Amino acid sequence: MSKIHVCKSSEIPADGMKTFEVAGGRKILIANAGSNFYAYQGICPHQDVCLGEGFFDGAVLTCHQHLWQWDITTGAAVGLAEAPLESYQIDVVEGEIFVVQASALKAAELFAGISDATHDRLGEIARREERPSGSVLYEIGDATDDLYILESGRVDFQIGRDERTSAAGFVLNKGEVFGWAALLAGQPRRIARAVCLEDSVLLRLSGEQTLQILEADPAAGYAVMRKLASLITRQLTTPTGK
Ligand code: FES
C-alpha cells in the first residue's frame, strides 16, 4: 500500500473536478459530488486525452473527445464507453486529499479469487521495475520469458514489423496483465513491441515460475487459466502485446 498526496480539498469546486499530476508524471482526476470526493485515472481509457478537460454535471463524467461517460460514484462505464475508469481509494485528512494504492498483484484481475497462500508465493517471485517514459519492455521476436502487471503509468503496443508497425490501439489500467504469452505453450517469441508511454512501474513475473506455482495449487491454476482464456478472447478483437 502506498499513499500519495494529491491536493487540498478546497481546490476542487463543488460538484466539479480537476486533474493533478503526481509523482512519476501520472495524472489523477479528483471529483466532488455533494459531500464526497472521488479519485480516478486522469487520462481517458480510450485515447491520450485529459479527462479534466471534459464535462462533469456532478453525477456523470463525459470525455469531450468521443463522449465516453462514467458514473462518478463507481467509475463504471455509461452509454458509449467501452471501459471503466481506474479508481483509487481516497483519504481526506485535515483538508488534504490522498489516494491510497493497493499492490498491483492484488488488483490483477487474472489472479483474483486465488488463495492468499498462492498470492503470497506469486508476490515472492514478482520483481518491481520502475521504467522511464520511452523505455522498451520488449521487441517483436524477443523471448516470451516474463509476464507483466502494470502498477502505474501507461504502456503502448505496436504490432507488425519495421516501418509497417501500427498501434495495437488500447490502454492498460492498473492491475492489467500483458506479456501473457509467457504462460502459453508454443508461443516462444513476442509478436508485439511494448513501450512505456510515461514513467511506469511494473511487476515482472517469470512465466516458468508462475506456472510452477499454479501447478502446485490446481484450483488457482484452473481459475487463472479460465481468466486467461477469457482475456485472450477479449483481446482477439483488439490485438495486444502478447
Ligand atoms: S478519447 Fe476519451 S472518449 Fe475518446
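Which residues are linked in a network of salt bridges? In this predicted model, local features need pLDDT of at least 70 and side-chain atom pairs count only at pLDDT 80 or more, while totals for chains, interfaces and linings use all residues. Residues are numbered from 1 along each chain as its sequence is written, and side-chain values use heavy atoms, with hydrogens and water left out.

**View 1. The salt-bridge network of R127, E129, R131, D146 and R204.** These five residues are linked by salt bridges, a salt bridge being a side-chain nitrogen of Lys or Arg within 4 Å of a carboxyl oxygen of Asp or Glu. Within it, the side chains of R204 and D146 meet at 2.6 Å, N to O. Because R204 lies in strand β18 (residues 200–206) and D146 in strand β13, the pair ties together parts that are 58 residues apart in sequence; strands are DSSP runs of E with at least two residues, and helices runs of H or I with at least four, numbered from the N terminus. Both R204 and D146 are buried (buried, under 20% relative accessible area; exposed, over 50%; partly exposed, in between; 1.4 Å probe, protein chains only).

**View 2. The salt bridge between R193 and E139.** The closest N and O atoms of this pair are 2.9 Å apart. R193 is partly exposed at 24% relative accessibility, and E139 is likewise partly exposed at 32%.

**View 3. The buried residue T210.** T210 is found in helix α3 (residues 207–215) and counts as buried because its relative accessibility is 0%. Leaving aside residues up to four places away in sequence, T210 touches F111, L122, I125, L147, L183 and L205, contact meaning heavy atoms within 4.5 Å.
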